[in-house]
Amino acid sequence: MKKKISKKKLIAVIVSVVLLTLVAGDWVLSAVIYENYFNQRFESYEPLMLYVEDFEGLRRTKYEFPSDKGQMLTGYMYSSGENQRGIVVLAHGFGGGGHNSYMDCAHYFASNGYYVFAYDVTGNDESEGDGTKGLPQGIIDLDRAITFVEQSGHFPKLPIVLFGHSWGGYSVCSVLQYHPEVKAVVVCSGFNDSTDLIEAQGKNMVGDGIYVMLPFVNLHESIKFGRYASATAMDGFASSDAAVLVLHSADDDVVPVEYGYDIYYKKYKDDPRFTFIRLEDRGHSYVYNDTTYIDEFNAEFAKWGETLDYDYEADENKERFAAEKADYIRRNLDRDKWCDMLDKPLFEKFVGFYDANL
């Protein structure tokens with residue numbers, strides 16, 4: 001004779017099944033959103049791309065090296081002038097393609113005593129990969145890039161320093177736990193861990209619902225990236241004696257200061273290893289630029305947009321507008337000004353900081 005299940009036990013089983021279903025659903029939804037947002041392929045926008053020929057005396061040599069799953073990454077060693085004192089490994093940001101838009105930074109460092117090794121992260125520009133995989137991939141690829149510079153035999157045995165912006169800023173700090181030999185780091189608009197950027201961006205997309213999703217996102221990253229998923233900038237600082245210069249703008253709405261600068265400042269403001277530069281009105285993408293020309297160009301571009309005889313925001317006109325926008329940029333962009341927007345006094349501080357800590 002079969003034993004009957006009590007009503008209480010039946011209810012408990014039903015509730016458990018419902019809860020498991022909801023949890024599984026949240027997990028799947030979080031993973032899908034993560035993959036759709038972070039695991040995309042990114043290409044540099046051709047009309048605004050930088051070229052070696054834009055920079056007087058700049059030279060580069062192409063290299064390829066493997067990352068964690070065997071995907072080949074493309075990097076370039078930039079040089080200009082003589083008497084280089086070290087090698088800057090440069091880590092680019094998220095969403096704009098690879099390192100191309102940082103070529104002006106590479107030129108400045110190369111012209112002021114440093115070789116620069118800049119590469120495209122997985123899923124960006126010249127590197128292999130259908131997508132970027134996720135934020136910890138930045139640390140993985142940087143880990144491989146530093147090792148390649150140190151062990152391939154292609155580069156001189158010089159001290160290594162790091163430069164990173166945004167996603168690259170998170171990467172150059174977090175990677176210190178794997179490369180404590182790095183002498184100095186300049187981090188611009190970076191965040192402490194991957195959850196920080198997901199939370200910041202998620203609040204804009206789904207509001208407070210992001211806090212329900214975060215545990216599942218963390219689990220998804222842990223399964224996908226292993227030890228790299230839990231790597232943080234603060235862990236990197238604690239594992240290294242590298243000198244660190246932190247630059248951030250108070251009005252950054254992509255990586256708000258509380259997700260990076262404020263965390264570091266609270267712990268390290270009195271530590272001589274750390275230098276903090278807090279700006280007020282530089283935003284995110286152009287935090288180390290003089291934006292005078294950008295503002296001028298954008299103002300003229302807005303005027304041009306008002307002369308169009310169609311609604312360029314309508315879906316049926318998007319392809320037409322994209323083509324006409326690209327043509328407008330090619331015809332009107334002053335490339336000399338576009339390639340010379342770095343805040344030179346700021347970059348003088350960066351070079352001086354590297355020099356003092358080799």
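Start by selecting arginine 59: across from it, in strand S2, stands serine 79. This is a predicted model, where local features need pLDDT of at least 70, side-chain atom pairs count only at pLDDT 80 or more, and totals for chains, interfaces and linings use all residues. Residues are numbered from 1 along each chain as its sequence is written, and side-chain values use heavy atoms, with hydrogens and water left out.

Now select S1 and S2 (residues 72–79), which pair in the antiparallel sense over eight bridges. Strands here are DSSP runs of E with at least two residues, helices are runs of H or I with at least four, and both are numbered from the N terminus. Two strands pair if DSSP finds at least two bridges between them. Five residues lie between the two strands of this hairpin, and glycine 70 takes a positive phi near 90°.

Eight of them form an open sheet with mixed pairing, in the order S1-S2-S4-S3-S5-S6-S7-S8. Strand S1 (59–66) and strand S8 (274–279) are at the edges with a single partner strand each, so one side of each has no neighbour in the sheet. On average, neighbouring strands are turned by 15° against each other, direction ignored. While you look along a strand, remember that side chains in a regular strand alternate between the two faces of the sheet.

**Helix H4**

Next, select helix H4 (residues 167–174). It lies across strand S3 (86–91), strand S5 (160–165) and strand S6 (184–188), running at about 150° to S5. For such angles, axes are lines fitted to C-alpha atoms, for helices over the stretch in contact, and the angles run from 0 to 180 degrees between N-to-C directions.

How many of the residues of H4 are buried? Eight of its eight residues are, among them Trp167, Tyr170 and Cys173. Buried means under 20% relative accessible area, exposed over 50%, and partly exposed in between, with a 1.4 Å probe and protein chains only.

Cysteine 188 is in no disulfide either, and its nearest cysteine sulfur, in cysteine 105, is 7.7 Å away. Cysteine 188 is also buried, at 0%. The structure holds zero disulfides, a disulfide being a pair of cysteine sulfur atoms within 2.5 Å.

**The cores**

Select Phe117, Tyr119, Leu135, Leu162 and Phe237: these have the most contacts inside the largest nonpolar core, which has 57 residues. Such a core is a set of buried Ala, Val, Leu, Ile, Met, Phe, Trp, Tyr and Cys residues joined through side-chain atoms within 4.5 Å. Helix H3 (residues 137–151) gives the largest share of this core, seven residues. A second, separate core of 51 residues includes Met103, Ala110, Leu333 and Phe350.

Finally, zoom in on phenylalanine 237. Beyond its neighbours within four places in sequence, its contacts (heavy atoms within 4.5 Å) include Cys173, Tyr264 and Phe274.
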